[in-house]
Amino acid sequence: MLKILGKTSSINVRKVLWTCAELGLAYEQEDWGAGFRATDTPEFLALNPNAMVPVIIDGPTTLWESNTICRYLASKHNRSDLLPQEPAAHALVEQWMDWQAGELNNSWRYAFMALVRQSAQHTDAAAIAASIASWNRHMGILERQLQRTGKYVTGAQFTLADVVLGLSANRWNSTPMERPDYPAVAAYLDRLAGRSCQGYARYCANGIA
């Protein structure tokens with residue numbers, strides 16, 4: 001059986017759990033990370049030298065990097081609705097997933113650690129303000145994309161891009177800070193909540209930013 005290593009409070013672990021819900025996959029989950037089993041042990045480092053969750057073990061296959069794991073699972077189970085086979089459509093989904101992991105994630109890092117995690121290492125007021133401004137600017141890119149598509153990130157079809165960006169949008173919407181009024185993002189979150197799959201409710205809009 002598929003094994004997922006990582007605590008459910010991690011946004012990157014929740015990407016994988018939501019993807020499993022979309023796929024209807026059974027799995028075993030072990031809690032690793034802060035507050036649970038340490039990821040800097042030789043046992044875990046042998047699986048992921050970055051000492052970060054999630055990691056999956058799927059028979060002979062061990063993988064880390066959450067977006068890669070989501071793509072692997074969708075491909076393995078032939079879910080071309082979540083990750084299209086046609087090259088241009090496939091690349092568009094991956095483009096937005098990569099943007100989430102790189103550009104959007106980096107914009108929120110300082111503000112989130114300060115305002116939600118209450119980190120003692122993230123108390124610089126100027127750095128917090130700069131991170132909030134960058135976060136809001138990046139979310140404006142998503143707002144304009146959703147205005148263009150009118151439904152999901154890449155178009156009319158729900159894809160893996162919506163798993164990773166749905167979690168990101170929820171985090172942005174849940175963090176106690178000033179934010180612009182982005183009606184397309186608000187409608188998008190409502191749209192995700194209205195889908196029949198319960199992955200959004202269980203792993204995204206569940207009170208955990």
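Residues are numbered from 1 along each chain as its sequence is written. Because the model is predicted, local features need pLDDT of at least 70 and side-chain atom pairs count only at pLDDT 80 or more, while totals for chains, interfaces and linings use all residues; side-chain values use heavy atoms, with hydrogens and water left out.

**Sheet**

Helices (H or I, at least four residues) and strands (E, at least two) are DSSP runs, numbered from the N terminus. Two strands pair if DSSP finds at least two bridges between them.

| Pair | Sense | Bridges |
|---|---|---|
| Strand 1 (residues 2-5) and strand 2 (residues 27-30) | parallel | four |
| Strand 1 and strand 3 (residues 55-58) | antiparallel | three |
| Strand 3 and strand 4 (residues 61-64) | antiparallel | four |

Ile 4 has Gln 29 as its bridge partner in strand 2. The chain passes from strand 1 through helix 1 (residues 11-23) to strand 2, a β-α-β crossover that is right-handed, meaning that with the strands pointing away from the viewer the path from the first strand over the helix to the second runs clockwise. In strand 3, Ile 56 stands opposite Ile 4, and Val 55 is the bridge partner of Leu 5. Val 55 is also bridged to Trp 64 in strand 4. The hairpin of strand 3 and strand 4 has two residues between the strands, and Gly 59 there takes a positive phi near 65 degrees.

**Helix 1**

The expected span of a helix is 1.5 Å times one less than its number of residues. For the 13 residues of helix 1 this gives 18 Å, which agrees with the 18 Å between its end C-alpha atoms. Of these 13 residues, 11 are buried, where buried means under 20% relative accessible area, exposed over 50% and partly exposed in between (1.4 Å probe, protein chains only). Among the buried residues are Arg 14, Lys 15, Trp 18 and Glu 22. Gly 24 follows helix 1 and has a positive phi, near 70 degrees.

**Helix 1 against helix 3**

Axes are lines fitted to C-alpha atoms, for helices over the stretch in contact, and angles run from 0 to 180 degrees between N-to-C directions. Helix 1 and helix 3 pack at about 10 degrees with their axes 9 Å apart. Helix 1 is therefore roughly parallel to helix 3; angles under 35 degrees count as roughly parallel, over 145 as roughly antiparallel, 65 to 115 as roughly perpendicular and the rest as oblique. Contact means heavy atoms within 4.5 Å. The residues in contact include Lys 15, Val 16 and Thr 19 of helix 1 and Ile 69, Cys 70 and Leu 73 of helix 3.

Arg 71 lies in helix 3 (residues 66-76). With a relative accessible area of 14%, Arg 71 is buried. Not counting residues up to four places away in sequence, Arg 71 touches Leu 83, Glu 94, Met 97, Asp 98 and Leu 160.
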